Amino acid sequence: MNSILISAVSSNQGKTILSTALLYYFKKSVRPFKIGPDYIDPQFHEIVCNTKSINLDTFIMNEPQVKWLFNKYSDKEVSILEGVMGFYDGMDKGCSAYDVGKLLNTPTVLLLDASGSYITISAVLKGLKTYKEDNTIKAVVLNKVSSKMHFELIKKQIEQDFQGKDEIKVLGWIKKDLPSLRDTHLGLDLKDAKKEVLENISKEVLENIDLETLKEISLYEKEDITNYPFEEIKKINKKATVVYDENFSFLYHDNLETLKELFNEVELISSTKDEKISSDSDLVFIPGGYVETNEAYERVKTSQNFKASLIEHANKNKHIYAECAGLLYLSNSVDDKEMAKILKVSFSLADKRVRLGYYHSQSGLKGHAFHYTKPLDTSLGCDILSKKINSKGEVGAWKKKNVYGTYLHTMFRNNINILKDYFGI
């Protein structure tokens, strides 16, 4: 099989565009992966290759668990991993492109911005290559190149500076002024996640890239992993409902698979299509996403059947577990937007981020949070989210009987205690 990791010097360098283009090229048999906790990039991945993207996070999971996850889902001829931020960013948390590339021994292609430079690009590459000698950097693609002559200048310098055992392949270049993907307040704008848009950009990205050499350097021997490094999951005769739609789309695919392995039946319903929760459902999981923006709220504000079935589920003292946007929907309101009024808390949308990054919860979970809303009152909050274990933090969750809403996004397979504590198993 083939496996390749796409990284860069920092965010906003074009990693998603290059990753998406390669997924388009290998779309007949490719599995996408995203390093870190991001939810948006995996949705772009899935649209272009019609295969679920898997998050690999060595902060939330330990190394044997991440290796097992990669091995489980590397079920296609090609695996393409998209990095997070810059190549070494996240090392302090144990989750960087460098960390995951080294752990999985996956060859790395660096995407380097060549605008306004040529010899200096090789110096930047030298720094990246020598900062940690056990890295997996094998090749580069040059981005924002003004002409073929510009590309040849840089290529000549890199080939001169990296020879023999230190050789780095220069795979090609992407011209400047290529259409880009817009940002929104939680990442890349999903309005751009249209198949024809992504395919057209992909074709332009691949125009000057040596794909045959990329295949050669990405040859990969899959490791045979037989040990299951998690608590064993035993099937129970209960039914789970997962709300999954345009608003509540921040769903790790392995979380869904874990629920399917655990529960006898898992149903997916759409709040934006006003679908009801089945009366025989034992628990409801509402993932994160968007409900606080005007556009997202318009999609769900008239979904009275969905809301009524959720309230009825809560009134029967059945379990509800909600993350971020799910938490907001369980609340009284977000500013003037009325929500389900199941949890006694109201929120306001702030002008700047309230939380961003990895967090530890007081209850012992590790995960990440990224939101612009803040509670108007924390007196009824039940969990503290902090940057370090047992350090100073702020309330990040609310609970009422068997209803639990949290700002923290995490993974279920290595946190079976979540399912025991909040899912009623």
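Colleague: In which loop is K341 found?

Modeller: K341 is in the loop between β15 (337-338) and β16 (346-349). Keep in mind that this is a predicted model. Phi of K341 is near 60 degrees, a positive value, and the residue is not a glycine.

Colleague: Where does K401 sit, and what is its phi?

Modeller: You'll find K401 in the loop between β21 (394-400) and β22 (403-406). K401 isn't a glycine either, yet its phi is positive, about 55 degrees.

Colleague: Why is K401 called exposed?

Modeller: Exposed means over 50% relative accessible area. K401 has 63%, so it counts as exposed.

Colleague: What about K239, is that one buried or exposed, and why?

Modeller: The cut-off for buried is under 20%. K239 has 9% relative accessibility, so it counts as buried. This lysine lies in strand β10 (residues 236-243).

Colleague: Which residues does K239 touch?

Modeller: Leaving out residues up to four places away in sequence, K239 touches F263, E265, E267, S278, D280, S281, D282 and L283.

Colleague: What makes the K239 and D280 pair a polar contact?

Modeller: A polar contact needs a pair of N or O atoms within 3.5 Å, one able to donate a hydrogen and the other to accept it. The side chains of K239 and D280 make such a contact at 3.1 Å.

Colleague: How do you know that the length of helix α11 agrees with what a helix should span?

Modeller: Take 1.5 Å a residue: the 12 residues of α11 (304-315) should span 16 Å. The C-alpha atoms at its ends are 16 Å apart, so the two agree.

Colleague: Which residues of α11 are buried, and why do you put them on the same side?

Modeller: The buried ones are F306, K307, S309, L310, H313 and A314. They cover an arc of only 165 degrees around the axis, which puts them on the same side of α11. Just after α11 comes N317, with a positive phi of about 60 degrees.

Colleague: What makes you say helix α1 is mostly covered?

Modeller: Of the 11 residues in α1 (15-25), 10 are buried. Among them are K15, T16, I17 and Y24.

Colleague: What is the strand order in the open sheet of 7 strands?

Modeller: The order is β3-β2-β4-β1-β5-β6-β7, with parallel pairing.

Colleague: Why are β3 and β7 called edge strands?

Modeller: β3 (54-56) and β7 (169-175) each pair on one side only. On average, neighbouring strands of this sheet are turned by 25 degrees against each other, direction ignored.

Colleague: Which helix packs on the sheet, and which strands does it touch?

Modeller: Helix α2 (residues 40-49) does, touching β2 (30-35), β3 and β4 (78-82). The direction of α2 makes about 170 degrees with that of β2.

Colleague: How do you know that β6 and β7 pair?

Modeller: Two strands pair if there are at least two bridges between them. Strand β6 (residues 137-145) and β7 have 5 bridges, in the parallel sense. For one example, the bridge partner of L142 in β7 is W173.

Terms used: Residues numbered from 1 in each chain as written. Predicted model: local features only at pLDDT ≥ 70, side-chain atom pairs only at ≥ 80, totals over all residues. Heavy atoms only, no water. Helix = DSSP H or I, 4+ residues; strand = E, 2+ residues; numbered from the N terminus. Expected span 1.5 Å × (residues − 1). Buried < 20%, exposed > 50% of the residue type's maximum accessible area, 1.4 Å probe, protein only. Arc of directions from axis to C-beta. Axes fitted to C-alpha atoms, helices over the stretch in contact; angles between N-to-C directions. Contact = heavy atoms within 4.5 Å.
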